[in-house]
Amino acid sequence: MVRGHTSLVGMDITTTSKSPVTLLGLGAMGTALARAWLAAGHPLTVWNRTPEKAAPLVGEGARAAATPAEAVASATGPVVLCLLDDASVGEALDGTDLKGRAVVNLTTATPAQARRRARWVEERGARFLDGGIMAVPPMIGRPETGGYTFYSGDRVLFERHREVLEAATGVKFVGEDHGHAALHDIALLSAMTGMFAGIAHAFALVRPERDLDEAGFAALLADWLGAMAGMTHGMAAQLVSGDYTEGVTSNLAMMAAGNDALLATAAEQSVDPRLLTPYMELMRRRVAQGHGDEGLAGTVDLLTGG
């Protein structure tokens, strides 16, 4: 809601009930966040190590600060960081007066880095919320795309600034442990990386067949992966119950035996199997330990040393 009033010197001043935002970092993601907040009507102060990147946003209504200290000093709403890495966060905030500030860190980090950064910020008198963005820049400010951000840490801070956060993406609060947003972020990205490895291997297998329709194959592959994604719920149920044979339809011994055909086909198609063999080795080890009647959940224990 926007409303006008007259100052003591007779000038008409327009104010807004939207919370101001201070944003440090204007890479591709930071710029997308900035534009989402401007579009939602939030007064915005920005800083970037390369000042020229702020110029287009100033033209769109943002205010540029010359230094991080200046940006933080003027902040009356959340101070959001979207920088290269945790070291960049430390460099940007070093020497700034954080007392009484609300710091929201959207910089990709590890869980341990997030916890250390939370302590570092809190020791300087500020409150801290960590976030992991599950979206690419074109999805920011567009709720229909399904992008969202994990948040963890100060729940009161999260609820207080929910409106600001939701103007950028959907939100998922995953606990008061400051490291849990980063953990969820990295875990999902790790699963995605493994999936992409399988996709790359699949395309490598069919690519030598010049009369094969790769676009048609892609549609089949996407449908198949979507159907197989549902097994994650079964694996979670097994890990919770401790019964790794629960609901198993294709057991580990059968899948491990089937790996021979996968490797033989890779050899026939002159495809390097290195993207698959590490997981196949885990499966083989688990079967050798006498767990051939299980599903895949036992491989999780091998990865964690169980």
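**View 1. Helices α11 and α12 cross in a left-handed way.** In a left-handed crossing the near helix is turned anticlockwise from the far one by less than a right angle; clockwise would be right-handed. The model is predicted: local features need pLDDT of at least 70, side-chain atom pairs count only at pLDDT 80 or more, and totals for chains, interfaces and linings use all residues. Residues are numbered from 1 along each chain as its sequence is written, and side-chain values use heavy atoms, without hydrogens and water. Helix α11 spans residues 252–268 and helix α12 residues 277–288. Helices are DSSP runs (H or I, at least four residues), numbered from the N terminus. The α11 and α12 axes lie 9 Å apart, at an angle of about 145 degrees. Axes are lines fitted to C-alpha atoms over the stretch in contact, and angles run from 0 to 180 degrees between N-to-C directions.

**View 2. Leucine 276 sits in the loop between α11 and α12.** Beyond neighbours within four places in sequence, leucine 276 is in contact with His201 and Leu262. Contact means heavy atoms within 4.5 Å. Leucine 276 and glycine 198 are 78 residues apart in sequence, yet 7.3 Å apart in space, C-alpha to C-alpha.

**View 3. Threonine 299 belongs to helix α13, residues 298–303.** Threonine 299 counts as buried because its relative accessibility is 3%. Buried means under 20% relative accessible area, exposed over 50%, partly exposed in between (1.4 Å probe, protein chains only). Leaving out residues up to four places away in sequence, threonine 299 touches Tyr279, Leu282 and Met283.

**View 4. Phenylalanine 196 is found in helix α8, residues 180–206.** Phenylalanine 196 has 44% relative accessibility, so it counts as partly exposed.

Definitions and conventions. Helix = DSSP H or I, 4+ residues; strand = E, 2+ residues; numbered from the N terminus.
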